[in-house]
Amino acid sequence: EMKIEMRDTLTENTNDSEELGRKLEREHVLEFYETAAEHFSKTRHSPWPLISRFLTLRTPENKNELQEHDGLDSNMLVADVGCGN
């Protein structure tokens with residue numbers, strides 16, 4: 001029954017619905033990120049080995065050392081479209 005009341009309050013365009021929405025965001029989103037942020041940041045100190053190998057510039061000197069799916073040719077572009085720090 002509490003879920004139904006919350007749903008009804010959130011679907012109304014009132015000050016109560018705004019307040020409840022902000023409260024839920026604080027409790028379930030912001031507090032999680034505040035709790036997880038320090039650990040998450042500590043795990044982002046260096047690139048992952050597979051990513052480093054994938055992003056290695058493929059040259060005549062190293063082409064035999066790289067697997068087919070590793071390495072970039074000099075004419076390739078990479079876009080880092082992601083989240084994190």
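## Helix 2: bend and span

Helix 2 bends by about 45° at Ala-36 in this predicted model. The helix covers residues 15-42, a run of 28 residues. At 1.5 Å a residue, helix 2 should span 40 Å, and the 39 Å between its end C-alpha atoms agrees with that expectation.

Three residues of helix 2, namely Ser-17, Leu-20 and Leu-24, are buried.

## Overall architecture and confidence

The protein chain contains three helices and zero strands. Read from the N terminus, the order of elements is α-α-α. Of the 85 residues in the chain, 9% are buried. Among contacts between residues at least 6 apart in sequence, 11% join residues at least 24 apart.

The mean pLDDT of the protein chain is 82, and 88% of its residues reach 70 or more. Helix 1, residues 2-11, has the lowest mean pLDDT among the elements, at 68. Helix 3 has the highest, at 86.

The structure holds five salt bridges. In general terms, side chains of opposite charge can pair when their charged atoms come close. One of the salt bridges joins Glu-18 and Arg-22, whose closest N and O atoms are 3.6 Å apart. Both residues belong to helix 2 and are four residues apart, about one turn of the helix.

Lys-23 and Glu-27 also meet through their side chains in a salt bridge, with an N to O distance of 3.0 Å. Because these two residues are four residues apart in helix 2, about one helical turn separates them. Lys-23 is partly exposed, with a relative accessible area of 38%, and Glu-27 is likewise partly exposed, at 33%.

## The aromatic pair

The structure holds one aromatic pair. The pair consists of Phe-32 and Tyr-33 and is edge-to-face, with 5.1 Å from centre to centre and 70° between the planes. The angle of 70° is over the 60 degrees required for an edge-to-face description, so the pair is classed in that way. Phe-32 and Tyr-33 are both exposed.

## The segment after helix 3

Asp-73 and Arg-58 form a further salt bridge, with 3.8 Å between N and O. Both residues lie in the segment after helix 3, so the pair ties together parts that are 15 residues apart in sequence. Asp-73 is partly exposed at 33% relative accessibility. Arg-58 is also partly exposed, with a relative accessible area of 23%.

Asn-62 is located in the segment after helix 3 as well. Its relative accessible area is 15%, which is under the 20% cut-off, and Asn-62 therefore counts as buried. Leaving out residues up to four places away in sequence, Asn-62 touches Thr-56 and Leu-57.

Asp-70 counts as buried because its relative accessibility is 2%, a value under the 20% cut-off. Apart from neighbours within four places in sequence, Asp-70 is in contact with Arg-53, Phe-54 and Arg-58. Among these partners, Arg-58 is also the residue that meets Asp-73 in a salt bridge.

Arg-53 is found in helix 3. Not counting residues up to four places away in sequence, Arg-53 touches Leu-66, Asp-70 and Gly-71. Arg-53 and Gln-67 are 14 residues apart along the chain, and their C-alpha atoms are separated by 9.3 Å.

Note on methods
Residues numbered from 1 in each chain as written. Predicted model: local features only at pLDDT ≥ 70, side-chain atom pairs only at ≥ 80, totals over all residues. Heavy atoms only, no water. Buried < 20%, exposed > 50% of the residue type's maximum accessible area, 1.4 Å probe, protein only. Contact = heavy atoms within 4.5 Å. Expected span 1.5 Å × (residues − 1). Bend = angle between axes of the 7 residues up to and from the residue. pLDDT = per-residue confidence, 0-100. Salt bridge = Lys/Arg side-chain N within 4 Å of Asp/Glu carboxyl O. Phe/Tyr/Trp six-rings, centres within 6.5 Å; stacked < 30°, edge-to-face > 60°.
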